[in-house]
Every structure is written in structure tokens, then in C-alpha cells.
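These notebook entries record what I looked up in a structure. I kept each entry brief and gave each term its cut-off where I used it.

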Amino acid sequence: MKRLLALLPKSLVVRVFALYTVTLLVFGGLGLGTFVAYYVRSDIEDKNITGAMIVEVVAQTTTDSAIIGDYDTIEKTLQRAISRSPFHQAAFIDMIGGKVQVAAPQSSPASAPDFIENWVKSELGDVNRTISVGGRDYGVLRLIFDTDHIAATYWQFARIAFGAGAAAVLGGLFLIWIPVRRWLGNLDRLKAFEADLQAGTLDPKKYLSADAPVEIRRTFELLGRTASSLQSEREQASVTLAAIADAVLALDAAGLVTYANPAAAGLLGLTVEELAGCDVRALLPGAFDPGAPLAPWRSQRLRLASGDTGEHYLDTTLSAIAGTGGGAGGWVLAARDVTEAWRLEERLRTELAARQDALESLRGLLEGLLPAAGHAMRVGSGDIGVVSALVAELVREREEGRRALDNQKFALDQHAIVSVTDREGRIVYANDRFCETTGYRREDLIGSRHSRVSSGIHPPEMYAQLWRTIIEGRVWQGEICNRTADGRLKWFNSTIVPLPGPDGEPEQFIGISTDVTDLKETEAALQRAKDAAESANRAKSDFLANMSHEIRTPMNGIIGMSNLVLDSRLEAEQREYVGIVKSSAEALLVIINDILDFSKIEAGKLVVESLPFDVRRAVDDAMRSLALPAREKGLRLRAEVDAGVPAEVVGDSGRYRQVLMNLVGNAIKFTQEGEVQVRVSTRSGEGEAMVLETSVRDTGIGIGADKLAHIFDAFTQEDTSITRRYGGTGLGLTISRRLVELMDGRIRVESEVGKGSDFAFTVAVRTRAAAMPGEADARVLAGRRVLIVDDAQSHRETLQRLIEGWGMKVEVADSANTALARLLGEAPFDALLLDAELHEMTGAQFALALDQPAYANVRLPIVLLESGAGAGIPPRGVTRVVRTPLAPSDLMDALAFALRRPRSREILSMHVLLVEDNIINERVATAMLEKRGCRVSVAHDGEEALAACESRTFDAVLMDMQMPVMDGLEATRRLREREAALRHARTPVLAMTANAMEEDREACLAAGMDDFLAKPIRPDELFARLERLARPAAA
Amino acid sequence: MSIRFRALLAGAVASVAFAAVAAPPADGYRFSPVNQYGINLTAAYWNPVIAYVTEKSGVKLQLRIGRTSADTTAYVLAQEVEFVFTNHLFSPEREQLGWKVFGRRQTPPVKGQIAVFDDSPVRSLADLAGKEVAFPGPEAFIAYKIPYAHLLSQKIDARVVFGGNQDGALAQLLAGKVAAVGGNSQLLEGYQKRENKKLRVLWSSDPFYDLALMAASKVPDKDVKAVAAAFFGMHKDPKGREVLEKASAAVGLTADAYFLASDGSEYANYRRFYQSAPASLR
């Protein structure tokens, strides 16, 4: 851009001429170039079209000649085709490569530059045409453009066009130069303009030639009018400056005065002439920085001290007059004398400052008195009215506060004993009640130490703690005993509050007390009464426990001996009589248990456990226990546990089973025909919480609507005749309801007379995060051997693949007889999986077959696969029944359950130490154990038991609690200590006692026993516990 | 000696010469693709592709693009090219020339179509009776022979105009000189994308595979295999893929339009057409 500007001519005439020249060249050149390009492109297109037409025409003739092979005609046709055409060659190429080619003579007018020739060649390619007839090709007809000649033609055309254009431009420029020079020459005459303006003889028309353009003529007229207007304004300004009272100095760029008006001369005490040429810095010393260049300002107040005119204050403005080159070309200083106004302002300022000081003092005072943010804001407002209102408000509040304080003090004195002490513990105030209560006169108390009233019964540490609390600024509350002037002890409920001083540290302590001496005496009397009542209650509990123990011991004998007698050879009549004895004893035991449970619940002593348990196993156990009475009445007993119920939950399995057995037992009791159906499901709660929902539905006699409301009340059965007819205490449902409530659940019943009843109860349990369904089962199954007995090959294979997938070792048998033979073989199995419908015998018959003497050594858990729905009651000898169609999880669960149970032969081989002092119990237990094949050693007290355990190892110890010499608890504790000291394996100890209370059970477990069994001992319970204790070894 | 005799002699000498020379010509084999998009676009597509194949195969190829789509056929008949990209050589007579298909381009099968601009008053083929319809050229199989054979079979008397190539035919339609255009569905689609103009298709043929890569019988097998391998491996080689994607984008093809092997069986329906085509279209 700078280079272009450098090339720009100085003269306007030359610039206009140059602009015209460039414009003409650019647009003329572009136009000419566009015209030439358009011509050439049109011609190329025409030639292409022409070529296409010619080749089609030639093709017609050539095709006919090619078909008959007349190549001479083809040559002549080609010759004619290129004559006077844009082509200079033509050829016919036949299918075997033969070529007929003709060419026109070259007649180029002049050689064109290469780039033109190349471009033409690219635009005009060969024209090819296949010569085909009816799908058969005869050859190719090709016409070749004479591109050299065509390019030379275009080049010649372009040269002529551009030559003519250049001549036209030159002629035009010459014609323009003369008038431009004449018309714009008028502007040169403006040089004389300024001189005429100064001389006042300005006449714009005289600078113009007669043919001057109208634009230049108007410019000169405008310049003349502007000059006249400026002259007039200059005169007006001069008069104005002379008339005004403000001083005005005009300065040159260096700050020297070039003009001063009369007011300036008067203010500075010089004449106008004297001021001319003076340096403004000397005239106004102190207004400018020495040596610094002048800088403009606005409204600056200056103090001017002069010996002649005295002290003056001036409001001044220094303005710059713009000069060339961006700097100031001059300055104008305007000044107004404001001396009088300044003096008035000074007086007002002094007075205002004094008042402001007073207001600030008052505000500070108020802010100190009113710390609240709202008040502070109002104080800070600065409004004297607001401040006055605040002062009034403050006085009123303080007065109200003082009155309230007086009232509160009066009220406090009426109710409480009040004293105030200082940091040294000296009493500085004591109210009338303090004096009355302590028996001292006020004048004796004031100034004395508070310890004067101390009773001396509290330890010094209590006083130290009290003092430490209040000296740290905290409130102390408590009961304290003081001694009156006449030596009596009095108890006070006291609150001691530290009162902070100006430094925030406690300065005084106010003690507010109430006399609680009477209350303390009442409390002591109540405590004595409570101790007496608890002592009586303990005696009652002990009596209950003792009675329980005393009843259970003979009951153990009756039931145990009945069992033994029933297992011996008896006549039918004898068996019936003994059976009655046994059932009567068991009924009596149920009643005793109910009464004990009810007593514990009523006394609030029944505590529910929270331990992991297997719901399916709990249901299964209950069903197995009640399967016999159901079978005897011909009832179908079915249980169904939903698949969604976890393998393990955390809750009280014993109490859950107790409720379930009570409801199912009732259902069997009150149903003559049909079925009893149990269904268990879960509902999810928050987090691990879960609700276990169990329903027991029967087809029994049902309950009338008027009885339903009271069915869970104590000592109630549907009617008294029921009790007589069916037996029972009537406490069963009451106990069930209380147990369910203790397990955070609810129990309900729906029933219709003659149609049956539907009992349902819920208990709150928790899911066991660590126990993933199937995980524990899989561990139990891994590596164990199972024999699958099924005569259907596809079933066998499916089962084999499934079970091998769990890590078990599988063998198969395709018939019952094959399986029986395999069981007598050498390879022992851990479990048997049996189809219920084998050809030779049913699954149940197979299980019975294993009872034959030949299979005495084969004691296998058997899982039976049976078609149908619901949980089947296992036939004799069968451990679990699994329904088909098969759910793999059910089968895994059943196998794991079966394998967890110890084998009968493991129990058979146990060596048990029986510790029992009662001879009847000893005989009962020994007979039971030996009947199941256990080896039994007997000890009659704890010492004998310890000695026996020292001499040899037992698989389990059955330990009575109450024995002479050393009781079972002490013996167990010592046994555990010795095992720990010698790092011996832990011997399972099962408490077997008539002490049936919960605290007895807890005492047994605390002493180190593993389980607890209340007498009278039932064989199934005893062996179930033994199985459980033996489980770790079996697993 | 008559001209015919001289020509035949020249042809015989030439055949002997070709039979004797198994090596490529000194300036390389000539590759002529059918001019589908106009010379500039066709060159923009094929120049980088041929440069890549030459470099990759070690077999020098030079591009020869004709002014019209029929020029490639003329080069074949005049024995002036050794490799072509065409579908003009499937008539029974031309198959006797001995050209072999060795590959094709991975594009969806194309259809012969007759189309008009979306705002055209022509609504059906019947409206074309007595009107002019532009086609790329008499040799264009998909774009001319197939649709025109259909017009003949429907007894619609439309006048045929040739535009030289597909873009030339579309230029005639755009200028309003013809009522409809016959074309190759792939090229018509590419034109719509490239020029942002909407066409309405009046009729579509059954699908045909697009042009075939073919080699003359005189080219030694090893050279054909080298060239074929370079074509087929192009989309798997990062450099080749980049060349192919840029070239495809220039003519409105997708990046998936790479080259793959063919034994010629995909072009059976071309051969079937010639069995029943009107004589004027064979």
C-alpha cells in the first residue's frame, strides 16, 4: 500500500489523468479478453458439434463399404470428409488392425505459442465412431482435428483484437489530456486567496476562468462566505472578552501571554500591555510544576497572594488550543475571583466538623449499647432523628429489662434457694430461702466461704470436678448434700451458673437450688421396696425353675421308660396301656411347656434369637415331626416354599418352628379329612430386611365369626367343649401370637365354619449377605459320590450332566436291581438319587429294601425324584423328596441337605460320656443311646466327668447341670480351660437338664456348652442335637 | 495391391507383432475407463488410482480417456488399449475379442433409469412419446441400451439424443433441450449429491453390476495378476485407501467403492440381454 501511495502523482491533474488511463486499460483489456475467450470457446464447441455431425455422416457411408470390404470407397469418403473441414486426418481401423488413413495438406497461417496449441489439443480430441451393424463390429472411424491450424487461427485473431484495442486507448488518452488540464487549473489560483482575505478585498469570482466547472465555482463561493463569517465572529469575541468580569489570558504554546482582557489586568495588577509577553508561570506562581510542560485542567482553585491586591482565591480553567502535529498550539486561561465565597465555605466547614464530631461520639455510644445488627444499621444511618429515637428506645428497653429482672428475681426467691459466690468461693449474696434452709443469718453468711454449709459426705473429687466445671465457664447441675447450722443434712437439686465479668472470664457464680430432701427420702424408701420385690421375684423364678426341674425329672423317667418299654416285646393290651401312659405324659409336658412359655412371655423374659437358619430345613423339620399324626388321620400334609425364599435368613429358627408347629398341629387336630397346606414366601423390605410370610390352610371344622376376635386371647379355645374334646391348654395360639409379635410380625386368621381355616403369620428376618444361594450347597457337594438310579436313559444322562457340573462324582444304574448290586460293591457312595417310579419297584420300596440285613452297612441319604407339586413328605428311609419337573436349585438344595446330615452309622459309632446323677435319667439316656448303637460311658458328677475326659477322648458329652460334688457348669468351664491350655480339640458338650428356663440355657452356653436340651429327653430331639454336634466332623 | 489387401496385410503383420511381443510397450499399458463423469471428473478419479496401481504393481499404466463413453470401445476395437473399465464388451460378438474380466468396483448393483427433474411436468413414460430423451451414447449399456430397449418394448416413440457421456446428457436436460434423461442409477445419484439437484425416476430396470475391469488377451498373465492385486489390495493399504477415498469423494462415490476380484460371472445378465435385445441395440 505504501509503495502504491509513493507512486501517486502530486498533481491533481496528473492523478485524474492517470486514473483514467488505468481504468481504460483494465476494463478495455478485460472486455477484449472476455470477447476473445468467448469467441474461441464458441468456435471450439462448434467444431466439436461439426465433428460429431461429420463423423455420423461419414459413418453411414463407411459402414456400408466396410460390410462389403470396399476400402477404396472408404478412402475416398475419408478424403472428402476432411476436405475444407477442421480435420486434417481421417482413418478407418478394421478389426484386425488394418488402417485406411488420409491426411490434408498443412496450411498454417502462423505458428501459435505452445500453450495455445496444447490447450486446443486438449479441447479437440479425436472423434471416434465404432462401425457396427447388428451387434457385429467392423472397425473404428476416427477423425483427427487440425489443431495446429486451429490454434494459429486463434492466435492471429487475438493479436488483431488486442492491437486495435491498444490504438483506441492511446487516441482516447490524448483527447482527454487537454480539457482536464484546463478545468482543474483553476485551483492553482487559490494562492492569492489568503492575501486578499487579510487585506479585506476578497472577491472569489476573480479567481475563476470563464469555463470553470460548476463544482469548482461553488467551492470558491463557499470559501468567500466562510471567510467573511469568521471575520465577524472575531470582532464579537473581542468585545465580549473586554466586557466580562472573569479574567481571560490567551497564551502561546510556550505559555507566554498573547492576549489579556481588562478583567485579567485588574486581577493581576498590571496593564494589558504589560501582560503581553509575560510567562504565565511567573504570573501565577504555585499553579504550575516548575519545569513541567503545561497541561490542561478544569475547575482548579488557586490561591493568589499579592502585595498589591492582597490574598485572592481563584477558580481557574486552563484549556488547550489544538495545534498542528497533535500538540497544543496555544492555551486559554480563564479565572474567576471566588475569595468571598471561599471565606463563607470555610466558616461553614468548621461548624459542620464540630457537629459531626458530636454526632460520631453519640453514635459510638449507641453502638456500644445496641450491639444488634438491626440497631447498628440504624445508628449508622447518620440521621439525628433516628439516633434520638434509638436513645429513647434504649432507655425504655433498659427500664423494662430492669423491671423484668426484678420480677424474675422476686419469683426465683419465692421458689428457689439462691446464693452468689465470688471466684474465691466467698458468699456475696444469699436470699431469704437460703438463710431459712441453712439456718444461718445473712450477715453471718455474707463474706464467709460457701464450704461453711458443706456436709462433708461427698468426696473431695466431686467438689474438685464441680469447681473445674464452673471455673471453665460451664454450668454444673446435680444433687448435693449440705449441712444446716444445727447439724442436720439436707439434699439440694442445684444448678450453678458462672457469671462472666468484663473480660469474659467467670467472675461470680450463682447457685439456684431446690430442697429435695423429702424426695430423696421417698426414693430411698422406694428402692428398698423394689429390692424387696425383686428378691421376691427371684424367689418366684427360682421356684418356677425348681418346679420345672422337679416336674421334668420324673417326666423324663416316665416318657423315657415308656419309650423303652414300647420298644420291647409287649402284648397288644400292654402296648396300648403303655402307649396311653406315654401320650398322657407327653400331653402333660406340652401343657407344662405352654405354661412355662406363657409365664416367660408375661414376665418379659422371653428373648428371641437372631441367628442364621435354613427356612426350608425349618419347615421340613416341622413337617417331618407332624407327618405321623397327619398320616394316621389320613390327611394330606403339603408344604411349599417359594423359590424366592433365600437359602438362609437371620432370625429365631426355634421360635419360628414353634409357631409353625403349633398352627400345623392345630390344623391336624381340627381336620378330619382333606388336607393341611403350608406355604412360605417372602416380601422384601429395606436393605437386608425381609418379611417371611407363612400360611397354614386346612379343610377342618373352621371357626365361627363370633369366635375369631378372641381366638388369640389367653386361656381361650373356640368353646370349652373343644378343650374337652381335643385337649390342650388353650394357650397355644396366645403363645404363637406373642412369639410372632416378639419377632416383629403379625398373625391373622380367616375361617368359615365347615370349610376350614387359614392362619397366616409374618416374622421379620434379615437376608444373609454372605450366603449366596447355592454357594454353600456347592461347597458341600464338590467331590462327593452319588449313584443315580433311573431306568430312563435320557433322564439319567441329563441328571448326570447336571450333577457333574456341581463337581460331584456320578455313577449311574439303569434299574433298581443293578443299583442294589452296586451298593454292595466296594466303592462307597455318599448319596443316592432315586427315581420314584422304577420298573421293578417304587422308590419307596427301594428305600425299604435297604433296611434288609444284607444292606446293614449301607446307610445312605436318599433323595427321591417324584412327579407332582408341593413338598412331599419323605417315605421311610428317604431323606428328601424333590418334585419333577426338576428345578436344578431344588435338587442341589436337597442333595446338600442330605449330605449335611450325618449318617446313621456315624451316630452309631459315637462314644458318648453321659454325666448324670439321677439313676432313672441315667438308665433312660443310656438305653436310648445304646439302642442307637452308641457306646456310653457314665460319670455321676463333674469331677468324675473331668477325670473320664482326661483319660480318653469322647465324641460328645451329655452333661446334666445340677449334680453333687461339681455341677455341670463348673465341669464344662474346667474342661474348656484344659482344652485351651493343652490345645486339645474341642469336645462337643450338650446340656441335658431339667432346668428349662432361658437363663439356664444362657448359663450353659456361657459356661462353654454347645447346645441345650430340656428334659424330658425325646429320642428324636436327642439324636437331632447329636447329629448337629457331629456335623463338623461329618462335613 | 488394393487397399483392402494392404490393410489386411498390415493387420496380419500387426497380429504377428503382438503375438511375438509378450512384454509391455515401452511407455506402458494403456488403461481406458469409460468416461462416465466428463473428462475432467473422470481424470480426477482415475489419475491418482492409476498412479497408485502403477507404483504398487510395478506395471506401468497410462490413462487414456475418450471424449465420449464410446471412445473406450473404439480404442478396444482399434487395439489401442490393453486394460479397460467398461461394460461394453459383453455382446456375443465382442466377447470373441478375447477380453477377460478380472475385477469390478464394490458398488451396489446399478440400474438403468429414465429420470426427469423433480419439478418436471412429465409424470410417466407415456408422456415421453414424441419427445427427445438424452442418453450418454450409443455404447452405454446401462444408461442407453437397457432403458431404450424398455421404451421400444413399451412402444413409446421417443427421439434419442446422445450427450457424449452421462454429464453431457444431464446438461441437455438441465438446459431444457430434452424432456428426460436415460442414465445409470449410480451416476444419477452421484449427480444429485454433487449438484444438489433432485431427480424423479420414471422407470428403473433390474439391477446390473457396474463396469468391469478387463484386460486384453495379449497382456501376459503375470502383468494382469500384478495389476489386479494392486487394485484389490488398495482399500487395505492405508495409502491406497486414502487415494481411493479422495478419488471417490470427487465423483460422489462412498468410501466403500473399492475394487475386488471378479471372474465375470456377475455379468451374466448383460449376456442374457443381448440374446433378446432389438437388433438396433446389439
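**Conventions**

I am working with a predicted model, in which local features need pLDDT of at least 70 and side-chain atom pairs count only at pLDDT 80 or more, while totals for chains, interfaces and linings use all residues. I number residues from 1 along each chain as its sequence is written, and chains are lettered from A and ligands numbered from 1 in the order in which they are written.

**Chain A, overview**

I took helices (H or I, at least four residues) and strands (E, at least two) as DSSP runs, numbered from the N terminus. On that basis I found 34 helices and 31 strands in chain A. I called a residue buried if 20 or more other C-beta atoms lie within 10 Å of its own, exposed if 12 or fewer, and partly exposed in between, with C-beta atoms placed from the backbone. Of the 1035 residues of chain A, 27% are buried. I counted two residues as in contact if their C-beta atoms, placed from the backbone, lie within 7 Å. Among the contacts in chain A with a separation of 6 or more, 60% come from residues 24 or more positions apart.

**Chain A, helix 4 and helix 5**

I fitted axes as lines to C-alpha atoms, for helices over the stretch in contact, with angles from 0 to 180 degrees between N-to-C directions. The axes of helix 4 (residues 114–123) and helix 5 (residues 147–184) of chain A come within 9 Å and cross at roughly 125°. I class angles under 35 degrees as roughly parallel, over 145 as roughly antiparallel, 65 to 115 as roughly perpendicular and the rest as oblique. Helix 4 and helix 5 of chain A are therefore oblique to each other. On the helix 4 side, I listed Ile116(A), Glu117(A), Val120(A) and Lys121(A) as making the contact. On the helix 5 side, the residues include Tyr154(A) and Trp155(A). For classes, I counted Ala, Val, Leu, Ile, Met, Phe, Trp, Tyr, Cys and Pro as nonpolar, Asp, Glu, Lys and Arg as charged, and the others, Gly among them, as polar. This helix contact has six nonpolar, one polar and three charged residues.

**Chain A, parallel sheet**

I treated two strands as paired if DSSP finds at least two bridges between them. Five strands of chain A form an open sheet with parallel pairing, in the order 28-27-29-30-31. Strand 28 (935–939) and strand 31 (1011–1014) of chain A each have a single partner strand, so one side of each is left without a neighbour in the sheet. Neighbouring strands of this sheet are turned by 20° against each other on average, direction ignored. Strand 30 (residues 989–993) pairs with strand 31 of chain A over four parallel bridges, and Thr993(A) has Ala1014(A) as its bridge partner. Helix 30 (residues 919–931) of chain A packs on the sheet, and its direction makes about 160° with that of strand 28.

**Contact between chains A and B**

I next asked how many residues the contact takes from chain A and from chain B. Chain A gives 21 residues and chain B gives 25 residues. The largest share of the chain A side, four residues, comes from strand 4 of chain A. By class, the chain A side has six nonpolar, nine polar and six charged residues.

**Chain B, helix 3**

I found that nine of the nine residues of helix 3 (residues 69–77) of chain B are buried. These buried residues pack against strand 3 and strand 4 of chain A, together with strand 1 (29–33) and strand 3 (83–86) of chain B. Gln79(B), which follows helix 3 of chain B, has a positive phi near 60°.

**Chain B, strands**

In chain B, five strands form an open sheet of mixed pairing in the order 7-6-8-5-9. Its edge strands are strand 7 (159–162) and strand 9 (199–208) of chain B. Strand 5 (residues 110–117) and strand 9 of chain B pair in the antiparallel sense over seven bridges, and Ala115(B) has Val201(B) as its bridge partner.

Arg104(B) stands opposite Ala212(B) in strand 10 of chain B and opposite Leu260(B) in strand 11 of chain B.
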